[in-house]
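Please open the model in your viewer and keep the selection tool at hand.

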Amino acid sequence: MILDACESIIDAIRAAGIAATLDAREIKPPGCFVTVTKLKRDALIDGWQVSGDVLVIVRDLGGVGDLKQLSELVDDVIPILDDANLEIEGIDANQRATPPTGGTLPAARIRWSGIIHRKDA
């Protein structure tokens, strides 16, 4: 179920032409790293409340260049999450990501939540 949630978001982001992965070793900026952070059973909806993060990562251009890239990529990802019926709970703009090659890159964390219905229902 966790993998299904990640893969559905990754597929939607990739369909929009943006790189996305759930494997931190494969981060290629500009792009997104998708995680699921919490699952909670909800009997009323016969499914699960799921929350997670999309870490939007860009190349380090320095200063305003970083902010411009982050702003553009976040602006591109928000409608994708909206179309996937995910609620955006907040965006933390002052983040850093550590790619497998080392160093740190500018990033923004989009916190999302949504519902996964039981597949056998």
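A pocket, as the term is used here, is an open set of grid points, where a 1.4 Å probe fits, with protein on both sides within 12 Å along at least five of seven lines. The model on display is predicted.

**The largest pocket.** Begin with the largest pocket, which holds about 180 Å³ of space. To display its lining, select D4, A5, S8, I9, V50, A84, N85, L86, W112, G114, I115 and I116. Two elements, helix α1 and strand β5 (105-117), each give two or more residues to this lining.

Next, select residues 2-15, which form helix α1 and include I2. The side chain to examine here is that of I2, a partly exposed residue with a relative accessible area of 46%.

**The cysteines.** Now select C6 and C32. Are these two residues buried or exposed? C6 has 7% relative accessibility and counts as buried; C32 is likewise buried, at 4%.

How many disulfides does a search of the whole structure find? The search finds zero. A disulfide is a covalent bond between the sulfur atoms of two cysteines. For the sulfur of C6, the closest cysteine sulfur is that of C32, at 13 Å, which is too far for a bond. Seen from C32, the closest cysteine sulfur is in C6, again at 13 Å.

Note on methods:
Residues numbered from 1 in each chain as written. Predicted model: local features only at pLDDT ≥ 70, side-chain atom pairs only at ≥ 80, totals over all residues. Heavy atoms only, no water. Helix = DSSP H or I, 4+ residues; strand = E, 2+ residues; numbered from the N terminus. Buried < 20%, exposed > 50% of the residue type's maximum accessible area, 1.4 Å probe, protein only. Disulfide = S-S within 2.5 Å. 1 Å grid on protein atoms, 1.4 Å probe; cavity = no way out; pocket = protein on both sides within 12 Å on 5 of 7 lines; lining within 4 Å. Points joined across faces, edges and corners; volume = space filled by probe spheres on them.
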